[in-house]
Amino acid sequence: MTCICAIAVYAGGELADITLYREWKMKDLFVEASALMALFSACRNKREYMEKRYTFEERIARNTGDEKEVAQWCLETADFILAADLDRMSLYPLSSAFRPGTVNLLHEPSEPYTVLQLFALFQKSALRDAGEMKEFCRRACLIRDHHYLENLDTVLRCCRVSFEKAVCEAVVNLILDDERLMERLSGKLRACYIRRQNQ
């Protein structure tokens with residue numbers, strides 16, 4: 001069965017863009033979302049993001065009039081959605097359980113959940129099934145001693161990863177200086193980094 005992941009970009013309080021990724025590993029999705037967050041961190045609304053993300057020709061081709069329907073279809077089609085929230089400068093899982101309004105309940109990976117915090121999270125989320133709650137609790141409690149890469153799948157499904165301006169600049173420079181990292185990006189995002197490099 002094909003697994004379809006997505007990165008949904010939020011800017012100015014609205015969904016600015018969504019991209020589907022077929023059969024991508026979590027590590028690759030994290031690199032892509034981090035690279036995207038870092039490069040477009042200065043964008044404060046959808047218009048700024050679209051102007052910086054796409055060339056004029058690409059924006060014309062994307063403006064088909066049914067943009068909202070396509071975005072909704074993508075949101076419903078994806079098996080896993082990672083939100084790149086430029087307003088909150090955070091990556092977090094986007095699902096029926098966690099929407100932008102409940103993201104503050106999600107902890108940073110270095111901040112383990114207490115039992116009371118997990119119950120508060122369950123109360124405000126759509127996790128009503130006991131099995132779902134137990135699985136979330138098990139996954140959230142796995143993250144210990146900063147072993148993030150070994151538990152990246154859990155981090156991306158249970159936590160909020162925040163970015164600061166200095167981190168964004170460091171990520172952009174790292175990708176521009178490392179050809180191997182640049183090659184891990186999708187072709188469209190790589191083109192954005194190449195445009196940035198040629199400015």
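Analyst: Terms to start: buried means under 20% relative accessible area, exposed means over 50%, and partly exposed is in between (1.4 Å probe, protein chains only). Helices (H or I, at least four residues) and strands (E, at least two) are DSSP runs, numbered from the N terminus. This is a predicted model: local features need pLDDT of at least 70, side-chain atom pairs count only at pLDDT 80 or more, and totals for chains, interfaces and linings use all residues. Residues are numbered from 1 along each chain as its sequence is written, and side-chain values use heavy atoms, with hydrogens and water left out.

User: OK, strand S1. How many of its residues are buried?

Analyst: Eight of the eight residues in S1 (residues 4-11) are buried. Both faces are covered. Ile 4, Ala 6, Ala 8 and Tyr 10 are on one side. Cys 5, Ile 7, Val 9 and Ala 11 are on the other.

User: Which way does S1 pair with S2, parallel or antiparallel?

Analyst: Antiparallel, over eight bridges. Two strands count as paired if DSSP finds at least two bridges between them. Ile 7 has Thr 19 in S2 as its bridge partner. The two strands form a hairpin with two residues between them. Gly 12, in that turn, has a positive phi of about 65°.

User: And S1 with S3, what sense is that?

Analyst: S1 and S3 run parallel, joined by six bridges. Val 9 stands opposite Ala 84 in S3.

User: Back to phi. Which residues other than glycine have a positive value?

Analyst: Two to look at. Glu 23 has phi near 60°, and Met 89 has a positive phi of about 55°. For context, most residues other than glycine have a negative phi.

User: Where do Glu 23 and Met 89 sit?

Analyst: Both are in loops. Glu 23 is between strand S2 (14-22) and H1. Met 89 is between strand S3 (80-85) and strand S4 (90-94).

User: New topic: the core. Which residues touch the most other members?

Analyst: The largest nonpolar core has 63 residues, and Phe 40, Tyr 49, Leu 91, Leu 189 and Tyr 193 touch the most other members. H1 gives the most to this core, with 10 residues. A nonpolar core is a set of buried Ala, Val, Leu, Ile, Met, Phe, Trp, Tyr and Cys residues joined through side-chain atoms within 4.5 Å.

User: What does Ser 34 contact beyond its neighbours within four places in sequence?

Analyst: Leu 91, Phe 163 and Val 171. Contact here means heavy atoms within 4.5 Å.
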